[in-house]
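Subject: Structure handover

Hello,

Here is the structure we talked about. Please have it open while you read the notes below.

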Amino acid sequence: MTKPLIVITGASSGIGAAMARQFSDAGHPLLLVARRIDKLQALGLPDTICRKVDVTDAAALRAAIAEAEGVYGPVDGLINNAGLMLLGQVDTQDPAEWQRMYDVNVVALLNGMQAVLGDMKDRGRGTIINVSSIAGKKAFPNHAAYVGTKFAVSAISENVREEVADTGVRVMTICPGAVETELLGHTTSQDIIDGYQDWKNSIGGAIHPDDIARIAAFMYGQPQSVNIRDVVVGPTRQT
Ligand code: NDP
């Protein structure tokens with residue numbers, strides 16, 4: 001039997017790209033979205049539609065989903081993975097940075113859920129996996145605005161999970177610890193980047209994006225009657 005369509009946002013690098021490979025290897029057709037479409041296409045995955053979408057553009061995301069559903073049938077899995085981490089201190093950080101993080105990490109995630117939830121509820125099945133963070137559980141130095149976005153992701157996910165539970169739709173949250181990706185590279189303070197790298201070295205390094213992708217596939221792969229609600233996974237030596 002043909003496997004159902006999975007949509008992954010932010011699949012052009014890091015965790016999203018690893019998830020794309022993982023779900024493709026498992027036989028799913030995919031819709032991959034991000035702004036760097038060349039990176040999506042370079043993954044070279046079969047039965048995959050790649051679209052240049054800024055996830056803050058809700059209409060563009062909806063249009064890409066409708067196009068993919070026209071080819072592969074209804075979305076059975078949405079992974080809201082696109083995200084941005086811009087570290088800084090609240091007294092000095094450019095407010096435009098936290099606005100961008102809230103737009104991408106929180107508002108776009110809500111838009112993504114809205115794009116698929118109605119149909120999933122009607123069908124009585126479907127899975128949304130929201131990528132939060134260990135920064136959605138506890139504080140870290142220079143992380144105030146980012147931590148705020150990820151606490152919001154965890155809270156929203158759990159709230160929606162409860163709201164739709166009786167329809168049979170699953171909402172799951174995965175909270176990675178330190179993973180080796182491009183995420184840190186967007187922070188503008190070199191001092192903060194250097195401090196973060198020192199901390200990563202002190203815990204023996206970050207884990208690989210494939211480690212998160214494997215766990216997301218395990219969560220999705222449970223029977224629809226089983227919901228692994230919330231997983232925190234990071235390097236063993238990270239406290
Ligand atoms: P990367 O920077 O490697 O990947 C981020 C992805 O998000 C890219 O594909 C990027 O694509 C996409 N993205 C960013 N902004 C937008 C946008 N406006 N529209 C569409 N896509 C966008 O980092 P990670 O793989 O680490 O991050 C993935 C998720 O994991 C994020 O939500 C992050 O917060 C979370 N996370 C990461 C951790 C880590 O240690 N790496 C730890 C905990 C959570 P493009 O630039 O092409 O648009």
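Two residues are in contact if their C-beta atoms, placed from the backbone, lie within 7 Å. This is a predicted model: local features need pLDDT of at least 70, side-chain atom pairs count only at pLDDT 80 or more, and totals for chains, interfaces and linings use all residues. Numbering starts from 1 along each chain, as its sequence is written.

V179 first. It touches I15, A206, I207, P209 and I212, leaving out residues up to four places away in sequence. V179 lies in the loop between strand 6 (170–176) and helix 6 (190–202). Helices (H or I, at least four residues) and strands (E, at least two) are DSSP runs, numbered from the N terminus. V179 is buried, with 20 other C-beta atoms within 10 Å. The cut-offs: buried is 20 or more such atoms, exposed is 12 or fewer, partly exposed is in between, with C-beta atoms placed from the backbone. From V179 to G205 is 26 residues in sequence and 8.5 Å in space, C-alpha to C-alpha.

Now the ligand. A residue counts as near it if its backbone-placed C-beta atom lies within 6 Å. There are 29 residues around the ligand, and G10, G14, R35, R36 and G83 come nearest. Helix 1 (residues 14–25) gives the most to this shell, with three residues.

Last, backbone angles. D47 is not a glycine, yet its phi is positive, near 50°. D47 sits in the loop between helix 2 (37–42) and strand 3 (48–52). N142, also not a glycine, has a positive phi of about 70°. N142 is partly exposed, with 19 other C-beta atoms within 10 Å.

Best regards
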